[in-house]
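Subject: Structure for your review

Dear colleague,

Please find below the structure that I am handing over to you. I would be grateful if you could read the notes after it with the coordinates open.

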Amino acid sequence: MRLERAELLHVSLPLITPFRTSFGTMTSKDTFLLHIVTDRAEGWSEFAADPEPLYCAEFIAGAEIVIRDFLLPRVAALRTPTTAALAPAMAAVKGHELAKAALETALLDAELRAHGMPLATFLGSVHERVPAGVSIGIKDSLPELIDDVERYLAEGYVRIKLKIEPGWDVAPVRAVRERFGEALPLQVDANTAYTLADAEHLGKLDEFGLLLIEEPLEENNLHAHARLQRRLTTPVCLDESIHNARDAASAIALDACRVINIKPARVGGYPEARRIHDLAAAHGVPVWCGGMLETGIGRAPNLALAALPGCTLPGDTSASGRYFAEDITEPFVLRDGHLPVPTAPGIGIDPLPDALARFTTARRRLYP
Ligand SMILES: CC(=O)N[C@@H](Cc1ccc2ccccc2c1)C(=O)O
Ligand SMILES: [Mg+2]
């Protein structure tokens, strides 16, 4: 397979409702797609971060430079650019896991399409559909939150995740428990908003039987998360702190987490995501597939990952309609609380040309 062309398409999709987290409020999904053309097949991927480095260190303009100036030249220099050959070639570049994931996933998509193999087959997925959880942002009032939970449960979501931050944590969890009962699969995500000084306060969440508390403390502080886990009965789940399998091994060894949210974009791509899945399974640590408000281009491959046997908790891959009135691919629609795992070769989905044109704000040739 030979790389012939690569281009980047900036897209902007309005969110149907603002999504508020402890790190800010999103009103649109602004990112870029990477489109590569090889002599055998085309490949697509989606960059997972934002225009500004507020949620994570990577951001759109920076990733564009890293892909154009430092990663693509290494792909073009490969005699046969396979996904397996790409990883060592990209290892010379420090960090930039989300940029590397975008390039690796586009190349993997092309490679799998050339071989007629679905990503689910490549990863070893064992389910044809996966249960869908939903992530609910911080609200202005408890009644608004209850209305949202009610609506999502009526749509069929099997697990509720609440964004929390200091001042919006125990009360919303208690309100959801009181309204919907003890049996509702419920978890929270702090997106690093707390410190160890909040340990006693976070202990108040233990009475609510949560599945997990996601990334309560600052990212990359495994020692602090391990100290917090010793004071909580609620399982700590790491997200932002896990950048690769090595981090996952350290976090498990330190008892810094008892669950891992795997986001293929955050860990540099799907092969590394699979390695984290296998490592966690070997230690009896449940994992689930996280989400970043992806369009269908990022959502489709995440469903293949979510179908791996060790993904024993519902993930954040919600229906397209949870975020967008219109997606740039055929929408993923919830059926009995589940989403279908794509079965077509590669990521198993293509952008809809008309929708893509309408949501594209800029196109940039990256190669040659
Ligand atoms: C579904 C969910 O809660 N995802 C992330 C938070 C998040 C949410 C929205 C995002 C939008 C653009 C870039 C990063 C984003 C991250 C999380 O699990 O922590
Ligand atoms: Mg999270």
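The notes below take the metal site, the ligand site and then a few individual residues in turn. Please bear in mind that this is a predicted model.

The metal site

The magnesium ion (ligand 2) has three residues as its donors: Asp189 and Asp239, each through OD, and Glu214 through OE, at 2.0 to 2.2 Å. Along the chain, the donors follow the spacing D-x24-E-x24-D. Asp189 belongs to strand β7 (residues 186–189) and Glu214 to strand β8 (residues 213–214), so this pair ties together parts of the chain that lie 25 residues apart in sequence. Asp189 counts as buried because its relative accessibility is 0%. Glu214 is likewise buried, with a relative accessible area of 0%.

The site of ligand 1

Ligand 1 sits in the largest cavity. Around ligand 1 there are 22 residues, and the closest are Asp50, Lys161, Lys163, Asn191 and Gly291. Strands β2 (24–38) and β6 (159–163) each contribute at least two residues to this shell.

- Lys161 places a polar side-chain atom 2.8 Å from an oxygen atom of ligand 1.
- Asp239, which is also a donor to the magnesium ion (ligand 2), has a side-chain N or O atom 3.1 Å from an oxygen atom of ligand 1.
- Gly291 contributes a backbone N or O atom, which lies 2.7 Å from a nitrogen atom of ligand 1.

On its own, ligand 1 has 440 Å² of accessible area, and the protein covers 100% of it.

Backbone geometry

Asn191 is found in the loop between β7 and α7. With a relative accessible area of 4%, Asn191 is buried.

A positive phi, of about 55 degrees, is also found at Asp255, which is not a glycine. This residue is located in the loop between α9 (245–253) and β10 (259–262). Is Asp255 buried or partly exposed? At 26% relative accessibility, Asp255 counts as partly exposed.

The peptide bond that joins Tyr367 and Pro368 is cis, with omega at about 0 degrees. Pro368 is placed in the segment after β13 (360–367).

Further residues

His338 lies in strand β12 (residues 338–340) and counts as buried, at 17% relative accessibility. A polar atom of the His338 side chain is 2.8 Å from the backbone oxygen of Asp336.

Gly203 is in the loop between α7 (199–202) and β8. Its relative accessibility is 24%, so Gly203 counts as partly exposed. Gly203 and Thr233 are 30 residues apart in sequence, and their C-alpha atoms are 7.8 Å apart in space.

Val93 is situated in the loop between α2 (83–90) and α3 (97–114). At 12% relative accessibility, Val93 counts as buried. From Val93 to Arg266 there are 173 residues in sequence and 16 Å in space, C-alpha to C-alpha.

I would welcome your comments on any of these points.

With kind regards

Definitions and conventions
Residues numbered from 1 in each chain as written. Chains lettered and ligands numbered in written order. Predicted model: local features only at pLDDT ≥ 70, side-chain atom pairs only at ≥ 80, totals over all residues. Heavy atoms only, no water. Donors = N, O, S within 2.8 Å, 3.2 Å for Na, K, Ca; no water. Helix = DSSP H or I, 4+ residues; strand = E, 2+ residues; numbered from the N terminus. Buried < 20%, exposed > 50% of the residue type's maximum accessible area, 1.4 Å probe, protein only. Near = heavy atom within 4 Å. Polar contact = N/O pair within 3.5 Å; in protein donor to acceptor, adjacent residues only side chain to side chain. Areas by Shrake-Rupley, 256 points an atom, 1.4 Å probe, with all protein chains shown as cover. 1 Å grid on protein atoms, 1.4 Å probe; cavity = no way out; pocket = protein on both sides within 12 Å on 5 of 7 lines; lining within 4 Å. Sits in = over half its atoms within 2 Å of the grid points.
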